[in-house]
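User: I would like to know what lies behind the words used for a structure like this one. Please set each value against its definition.

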Amino acid sequence: RVPINWLSEFIELKASPEEIAEILTMGGIETEVAQDPYEELGELIAVKILSVNEDPNLKNLAICEVTDGKKKFPVLTTVKEQVKPGLIVGLAKPGSITFSGEKIEVKTVKNYKSLGVFLSPYEAGIGEEKDKLLILPENAPLGRSIYEILNISEKVLELEITPNRGDVLSIWGVARELHIFTNWDLKPLKF
């Protein structure tokens, strides 16, 4: 697997990932563009917390009203000391899967509905913190994928390398091969 961003550190890419895959395939290295691994998780988006309320019947939960820029909806959370109105945070919507593998569903607790789960950096797959809220930049567009906002969404090339092609087992080797096929400029190696 070769992430496009890593490949671009070694060669000036002048084509889309799909075109690069075609160039490598035509050169004898069967290549496909794999889906962005984050796309498979579903809707992990940016939302803004509009209000935070508590109910004495819900000891450890806060009732938040959030918006994705289009709709307002309720979310229950156990990290009530971290949530406050105005914060933009990551949210997993029902039907999505967190990076840790949890499938998100609509939940009801004592007549309060939760239409999603606030994400920690760990659940989003971008950090080790499990007990911290994933807070996004103040200017983050609501409703957009957290991975687009954090600029970590990327395509990956899947190469089928035959035993006689050990020269393309590294990203540098793939970059050299692309240079041979296209004459695109290689970047100097940094050590």
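Analyst: A contact means heavy atoms within 4.5 Å. With that definition, residues 24 or more positions apart account for 61% of the contacts in the protein chain with a separation of 6 or more. The model is predicted, so local features need pLDDT of at least 70 and side-chain atom pairs pLDDT 80 or more, while totals for chains, interfaces and linings use all residues. Residues are numbered from 1 along each chain as its sequence is written, and side-chain values use heavy atoms, leaving out hydrogens and water.

User: How many helices and strands are there in the protein chain?

Analyst: The protein chain has five helices and 10 strands. Helices (H or I, at least four residues) and strands (E, at least two) are DSSP runs, numbered from the N terminus.

User: Why is the protein chain called more spread out than a compact globule?

Analyst: The globule rule is 2.2 Å times the number of residues to the power 0.38, and the radius of gyration is taken over C-alpha atoms. For 191 residues the rule gives 16 Å; the radius of gyration is 22 Å, well over that, so the chain is more spread out than a compact globule. Its C-alpha atoms fill a box of roughly 70 × 30 × 30 Å along the principal axes.

User: What makes strand S3 (residues 44-53) and strand S6 (residues 88-92) a pair?

Analyst: Two strands pair if DSSP finds at least two bridges between them. S3 and S6 have five bridges, in the antiparallel sense. One of the bridge partners is alanine 92 in S6, facing leucine 44. S3 also pairs with strand S4 (residues 62-67), antiparallel, over five bridges.
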